[in-house]
Amino acid sequence: MNLVKLAWRNLLRNKRRTAITLVSIASGCAFALFVIALMDGIHKKTIEDAARMLAGQITVEHPAYRDAPGPALFVPSVGAMQAVASKIPEIESVKPLVAGQGMVASAAGSVGVAFLGVDPAIEGDVSPLARHMVRGRFLVPADADARGVVVGTKLAARMHVDLGNKVVLTTTDVHGEVVEELLRIVGIFSLGSDALDGGLVEMPLAVSRRVIGLTDDEATQVGFLLGDPDSEEQVIAQVRAMVAGQPVTVYSWATLLPALASWEASGTRGHHVICGVVIFLASFTILNTILMSVLERKREFAMLLALGTSPARLRAQVFIESVLLGVAGCAAGLALGAAGALAAARHGIDLRDSVKDGAAPTVGNLAVSLQLRPILTLGDVVFVGSLVLILTMVIAIYPTLRSTRIHVANTLRAN
Amino acid sequence: MKYIVELERVTKEYDLGATKVRALEGIDLTFEKGEFTVVMGPSGSGKSTLLNIVSGLDRATSGKVRVADVDTSACSDTALSRLRLEKIGFVFQSYNLIPVLTAIENVEYVMLLQGRPPAERLKRAEEMLAAVGLDGLGGRFPRELSGGQQQRVAIARAIAAEPVLVLADEPTANLDSKTAGSLMDLMETLNREKGVTFIFSTHDPSIVARANRKITLRDGQIAQAAESMITAKAS
């Protein structure tokens, strides 16, 4: 009979104590894994929504556009770029965009806005905005001729306009001349962000190009959407190679949306804090039960030492008992946490009804997704499992050392 | 090696804070191989302390102790543990079997610590269980055995590793007279046939009657030594 077998039998000997320890390890492990998966899901969904609605995970711009955005700082040869990008399998779609600032006016007054020209044929499939229409419809290719636009609920309310109403956009073109365009509202959206619902006008790409004087082969930005956001690092290198020699710069979403990038980074640190707190609390139960187990068995340990068991072997036996508890507790906890995360990922947790007027919390003017779907990764499972297992082993050191710190003769005599 | 155990002016004091209690006082004693000795005396006379010092479970405050030619006074805890493992068998009053091991695994345990091969351990353990009359009960856990059966397993464990010395502290105290008698028969046979040295600490007159040497302790000193193999001298 080896030490593992002996340790396992000792664990089964006091089923209640073992069960309490297992439950505390497993529940800490499960909760930590679920929370991490949930936070991952919120972060990735919010970032992906932002990337899909705006300029993709990878964006090509004129080198000077970041510092002083203006219609004259455009990206040329967009068609060629699209053709080459279509050969990179990781790129799901390419979004030419025309972004600008201006003022829209209705009979009720004028409001400063940001406008975004998008290709309705692409955007309808990829942009979350298309799924957040509360009235009317999203843009369709025919809107290029009809000058149809969509606006947010708050902007519509401020301008006292509704579906079918006309507004006038005033902006400057590539030559710096003030230009105007009459637009017709075909849809009203609600993204849950005051900044976007109250200050964004989305229109067909062709209309925005015409307004600011760009050709069909030019755009202020070209966004690349990735099928797998984790492939960003690899694809960005390919895109850089693709545009080498052209007067453009390639950016990651993290550069263009620094507030989201900071939020994600702080969220990762938050994961670790949450994990630490949960597992720290669970560790007291683990320490208590392991230590109790050792103290209750002083006589047994004294007898084993009397028979000639070396202190090292006895300590190894006690330590192995703790490791077995840790492994079993981790396995149960990870299974439970993973099952919970996968079930929540499948069915979703919808918190949209829990916020007032659909106003979600925002990060960098972008609404955080309130349709929560945890994302479970093997890395999370390995991280939580390793953390709990290592902690269990660290906690076991003190009881292990205590197990042989006994006076054999006195202990046997006292009992 | 003439003597299995030699004690020379052994004293043991327990420090109880304000006072010191002297459990053994200047004991000079030797035990030859093959003795079947009983150490008697009232409670608190120092019987268990004497056995603990002989076994290395406790250390003398002063004096010298040699067991199987090893000066235990100078040994480290690890060396004492090794000495017990290789030379000494124990039979405790309350059996002290390992509860999570079956009878045969309990008997194997000391041999396992000695590093003997599994097949040899198993064969020897089966022989020992048969010798103590527990043939066929090797698969039972201690809780599934009666007190007498558990003590038989303890005796089998004590002798399985072929020690030169068996120390038995009140081995029949928790047993009925019939079971106690049969176990004493068994130990007498082992002493006679295998030459195993036994030192008992007991109040039990039936054990005293079987001993070929009797030592009486009183207040930590040898009060009386009798029978043919007497080598003790009171200090």
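**Close-up 1. Asp58(B) and the residues it touches.** In this predicted model, Asp58(B) makes contact with residues of both chains: His407(A), Ala409(A) and Arg413(A) on one side of the list, and Lys12(B), Tyr14(B), Asn52(B) and Ile53(B) on the other, leaving out residues up to four places away in sequence. To find Asp58(B), look in the loop that runs between helix 1 (47–55) and strand 4 (62–67) of chain B. Its relative accessibility is 5%, and anything under 20% counts as buried, so Asp58(B) is buried.

**Close-up 2. Helix 4 of chain B meeting helix 5 of chain B.** Here we've got residues 118–131 (helix 4) and residues 147–160 (helix 5), with axes that come within 9 Å and cross at roughly 135°. That angle makes the pair oblique, and the crossing is right-handed. From helix 4 of chain B, Arg124(B), Met128(B) and Leu129(B) do the touching, while helix 5 of chain B brings Val153(B), Ala156(B), Ile159(B) and Ala160(B). Sort the contact by class and you get 6 nonpolar residues, 1 charged and no polar ones.

**Close-up 3. The largest nonpolar core.** This core counts 90 residues, and Tyr109(B), Leu129(B), Ile155(B), Leu165(B) and Phe200(B) have the most contacts inside it. Helix 3 of chain B (residues 103–114) is the top contributor, giving 8 residues. Another core, of 25 residues, lies apart from this one; Val149(A), Val179(A), Ile188(A) and Val211(A) are among its members.

**Close-up 4. Helix 1 of chain A packed with helix 13 of chain A.** Residues 3–13 make up helix 1, and residues 311–347 make up helix 13; their axes sit 9 Å apart, at an angle of about 60°. With that angle, helix 1 of chain A is oblique to helix 13 of chain A, and they cross in a right-handed way. Helix 1 of chain A joins in with Leu3(A), Val4(A), Leu6(A), Ala7(A), Trp8(A), Asn10(A) and Leu11(A). Helix 13 of chain A answers with Arg313(A), Ala316(A), Gln317(A), Ile320(A), Glu321(A), Leu324(A) and Leu325(A). The tally by class for this contact is 10 nonpolar, 2 polar and 2 charged residues.

**Close-up 5. Helix 12 of chain A, mostly covered.** The buried ones are Glu300(A), Phe301(A), Ala302(A), Met303(A), Leu304(A), Leu305(A), Ala306(A) and Leu307(A).

Key. Residues are numbered from 1 along each chain as its sequence is written. Chains are lettered from A and ligands numbered from 1 in the order in which they are written. This is a predicted model: local features need pLDDT of at least 70, side-chain atom pairs count only at pLDDT 80 or more; totals for chains, interfaces and linings use all residues. Side-chain values use heavy atoms; hydrogens and water are left out. Axes are lines fitted to C-alpha atoms, for helices over the stretch in contact, and angles run from 0 to 180 degrees between N-to-C directions. Helices (H or I, at least four residues) and strands (E, at least two) are DSSP runs, numbered from the N terminus. Angles under 35 degrees count as roughly parallel, over 145 as roughly antiparallel, 65 to 115 as roughly perpendicular and the rest as oblique. A crossing is left-handed if the near helix is turned anticlockwise from the far one by less than a right angle, and right-handed if clockwise. Contact means heavy atoms within 4.5 Å. Ala, Val, Leu, Ile, Met, Phe, Trp, Tyr, Cys and Pro count as nonpolar, Asp, Glu, Lys and Arg as charged, and the others, Gly among them, as polar. A nonpolar core is a set of buried Ala, Val, Leu, Ile, Met, Phe, Trp, Tyr and Cys residues joined through side-chain atoms within 4.5 Å. Buried means under 20% relative accessible area, exposed over 50%, partly exposed in between (1.4 Å probe, protein chains only).
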